[in-house]
Amino acid sequence: MKKTFVVDTNVILHSHQALFSFKEHDVVIPLGVIEELDRFKSVNDEKGREARQASRELDQLRLKGNIAQGVELPSGGSIQIMLDAEIESLEQFGLDKRKVDNRILACALHLKNKGLEPILVSKDINCRIKANALGINAEDFETNKIDIDELYTGWCEIIMPAARIETFIREEGLVYEEDDLFKNEFVLLKAAENENKTALAKYDGAQKKLLPLFHLNSKPWGVEPMNLQQKFAIELLLCNEIQLVTLVGRAGTGKTLLALACGLQKTIDEHMFRKLLVSRPIMPLGKDIGYLPGSKDEKLSHWMQPIFDNLEFVMDRLYKNSDDVDKKIRFLIESQKIQIEAITYIRGRSIPKQFLIVDEAQNLTPHEVKTIISRAGEGTKVVLTGDPYQIDNPYLDSSSNGLNFVIEKFKDHNLFGHIILHKSERSSLSALASEVL
């Protein structure tokens, strides 16, 4: 049965392709949404880009028919721009009719009063709550959503006879014909007869073979892995053939630290990359670094302080004198062996032969992550780190963020590797806080 969806502005700003994601169903766009798109179109970020693209798409549809009455789509559905309706009736519910969100609700209420059963699609939780209070069905935009509880972990345990584990160790590999592993998935091999007899392996999908970890004993820039998952993470970060790595974990699990240490080793020691490029989404209240005084680098230093904290930690393990630590960090930055950049300035660039770390990637939309990864030129390695449970973007959650989207889409590709880090190693206090708070 054909349904009618009323689409909120934030859905279109999330992805302008949402306009065409409802297949054979009818899409209603309240006039207030067009006004909000007009307000966003001049903004120089991803939301502005999505607003501009959506406006172009709607302008093309306008040429094909009367968009106020609805323009048919090839999918069998239609898109209609709806004038404000039922505005006056909002006041009886105590809602301010001047707010765009409430004008969107008024359009949905008008459709309901006409005998339809409209579904409001919004990424705004409070808007969905208000819709339900008015008797209107409301949903989040579900496309690209990943169930966080079923997120690919990057490793598993396999119980097998001790003789096979001995063969694996002796021959430095073991043929594995089953189809239950993803490419580059890690395996903890345990003997059926004795669980204390174990081995670590990585699955090579091309050879259908379990291979030993090549970097098992590596300590990049003095950083030693503290648990099993950190060993797996270092393997991914140091393997040249793996060009995209995602590290997921709560605060203190070592995501950023391991990425920086391995990036320094591959860039400074092994000369595999020209520079180490580190970036984070800028997520202040105003979402713009222009409000801070100083040059671009001075502004960025506030948002990049967690990166500098990790750099200092790495350097402290190599240099005992704090002055030497400061000098080394300053030298690496001034020589541009380490470059700090805002996500805003990465779009449009081509980034060849660099070790690119994107920290706090859970705050990016699927489209933003796609834009960043597509910037990777020949010889570039991209590392995305983040915690899906710690999201500052008001229109993303643990299921709809770009980091999870990448993991789900890339999880069986040769160029990709992923691991979830569970244990906090920052300090006993940090570990306890992550567990009980």
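I count a charge as sitting over a ring if NZ of Lys or CZ of Arg is within 6 Å of the ring centre and within 35 degrees of the ring normal. With that rule I looked up R250: its charged end sits over the ring of Y389, 4.4 Å from the centre.

**Ground rules.** The model is predicted, so I note that local features need pLDDT of at least 70, side-chain atom pairs count only at pLDDT 80 or more, and totals for chains, interfaces and linings use all residues. Residues are numbered from 1 along each chain as its sequence is written, and side-chain values use heavy atoms, with hydrogens and water left out.

**Overall.** I find 14 helices and 17 strands in the protein. Both are DSSP runs numbered from the N terminus: helices are H or I with at least four residues, strands E with at least two. The C-alpha atoms fill a box of roughly 75 × 55 × 45 Å along the principal axes. Of the 437 residues, 51% are buried. Buried means under 20% relative accessible area, exposed over 50%, and partly exposed in between (1.4 Å probe, protein chains only). I then checked contacts, meaning heavy atoms within 4.5 Å. Among those between residues at least 6 apart in sequence, 69% join residues at least 24 apart.

**Aromatic pairs.** I list 8 aromatic pairs in the structure. Rings of Phe, Tyr and Trp (its six-membered ring) pair if their centres lie within 6.5 Å; planes under 30 degrees apart count as stacked, over 60 as edge-to-face and the rest as tilted. Y176 lies in the loop between β8 (174-175) and β9 (186-191), and Y203 in strand β10 (residues 198-204), so the pair ties together parts 27 residues apart in sequence. Both Y176 and Y203 are buried.

F273 and F355 also form an edge-to-face pair, 5.5 Å centre to centre with 80° between the planes. F273 is in the loop between α8 (255-269) and β13 (275-280), and F355 is in strand β15 (residues 354-358), so this pair ties together parts 82 residues apart in sequence. I read F273 as buried at a relative accessible area of 8%, and F355 as buried at 0%. I also note one aromatic cluster formed by F5, F22 and F141.

**Helix crossing.** I looked at helix α2 (residues 31-40) and helix α3 (residues 46-62), whose axes come within 8 Å and cross at roughly 130°. Axes are lines fitted to C-alpha atoms, for helices over the stretch in contact, and angles run from 0 to 180 degrees between N-to-C directions. That makes α2 oblique to α3. Under 35 degrees counts as roughly parallel, over 145 as roughly antiparallel, 65 to 115 as roughly perpendicular and the rest as oblique. From α2, the contact uses I34, L37 and F40; from α3, K47, G48, A51, A54, S55 and L58.

**C239.** I find C239 in the loop between α7 (228-238) and β12 (244-249). At 5% relative accessibility, C239 counts as buried. Leaving aside neighbours within four places in sequence, C239 contacts K202, H215 and K381.

**Positive phi.** Most residues other than glycine have a negative phi. I noted N184, with a positive phi near 65°. N184 is in the loop between β8 and β9, and is buried at 10% relative accessibility. W221 has a positive phi near 50°. I place W221 in the loop between β11 (209-212) and α7, buried at 9% relative accessibility.
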